[in-house]
Amino acid sequence: MTNVFVDTDVCIDLLSGRQPFAKPAEILFSLADLGKIKLHVSSLTFSNIDYVLRSQYSSSQSRLTLLKFKTLVHVLTVDSKTIDLAIASDFTDFEDAIQYCCALENYLKIIVTRNLKDFKKANILVVNPETFIALEL
C-alpha cells in the first residue's frame, strides 16, 4: 500500500468543496477510503482546516467535519524536533517547512499538494493530486 503525505491545501479542497480543485481531492480521498492508499497529515493540518472552515461553517459544524475527516487519515505528530528541522530548512514558507519535515520524520516518500512551487527544495517526490492519481490508477 502506498503511504502518502497530504498537504493542507488538498484537504481544504476536499472539505470546503473549493472549485475547481475539489474533484481531484475527492478521488484521492476515495482511494484511501477504498483501502488502496494510506493518507497521512500532520497535526498542524487540523488547526489550518478549522481556521478556513470556520469562514464557511459554524464552529460545531467545523468540528464535526474534522471528526469525520479524521477517519480518512493517519495524523502525524508535529513535535519539537519537527519544528527545529523546519526552522533550519531552506524553505521560504514556514508552514510548508513544517509539513515537509513532518513527512520526512515519518519516512514518507510522497507529498501531494497543489503548492508545488514552495516544495522545490524537497528531497522526496512532490506531486499535485492529478499527477498522483494518474500514477496510482
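Read along the sequence, the protein follows the pattern β-α-α-β-α-α-β-α-α-β-β-α, which amounts to seven helices and five strands, where helices (H or I, at least four residues) and strands (E, at least two) are DSSP runs numbered from the N terminus. The structure is a predicted model, in which local features need pLDDT of at least 70 and side-chain atom pairs count only at pLDDT 80 or more, whereas totals for chains, interfaces and linings use all residues. Residues are numbered from 1 along each chain as its sequence is written, and side-chain values use heavy atoms, with hydrogens and water left out.

For the overall dimensions, the C-alpha atoms fill a box of roughly 35 × 35 × 25 Å along the principal axes. The radius of gyration of the protein is 14 Å, which agrees with the value near 14 Å that a compact globule of 137 residues would have; this radius is taken over C-alpha atoms, and the globule rule is 2.2 Å times the number of residues to the power 0.38. Of the contacts between residues at least 6 apart in sequence, 61% join residues at least 24 apart, a contact being heavy atoms within 4.5 Å.

Turning to the interior, 44% of the 137 residues count as buried, where buried means under 20% relative accessible area, exposed over 50%, and partly exposed in between, with a 1.4 Å probe and protein chains only. The largest nonpolar core has 25 residues, and those with the most contacts inside it are Val 6, Leu 28, Phe 29, Leu 39 and Phe 69; such a core is a set of buried Ala, Val, Leu, Ile, Met, Phe, Trp, Tyr and Cys residues joined through side-chain atoms within 4.5 Å. Two or more residues of this core come from each of strand 1 (2-6), helix 1 (8-16), helix 2 (22-33), strand 2 (37-42), helix 3 (43-53), helix 4 (59-70) and strand 4 (110-112). Beyond four places in sequence, Phe 69 touches Cys 11, Leu 14, Leu 15, Phe 29, Val 41, Phe 46 and Ile 49. A second, separate core of 16 residues includes Ala 97, Tyr 100, Ala 103 and Ala 122.

Helix 1 also holds Ile 12, which is buried, with a relative accessible area of 7%. Leaving aside neighbours within four places in sequence, Ile 12 is in contact with Gly 17, Arg 18, Asn 48, Ile 49 and Val 52, and its C-alpha atom is separated by 9.2 Å from that of Asp 50, 38 residues apart along the chain. In the loop between helix 1 and helix 2 lies Pro 20, joined to Gln 19 by a cis peptide bond with omega of about 5 degrees.

Tyr 107, in the loop between helix 6 (94-105) and strand 4, is exposed, with a relative accessible area of 68%. Phi of Tyr 107 is near 60 degrees, a positive value in a residue other than glycine, and the C-alpha atoms of Tyr 107 and Ile 124, 17 residues apart in sequence, lie 9.9 Å apart in space.

As for the surface as a whole, the protein exposes about 7300 Å², of which carbon and sulfur atoms supply 55%.

Note on methods: Areas by Shrake-Rupley, 256 points an atom, 1.4 Å probe, with all protein chains shown as cover.
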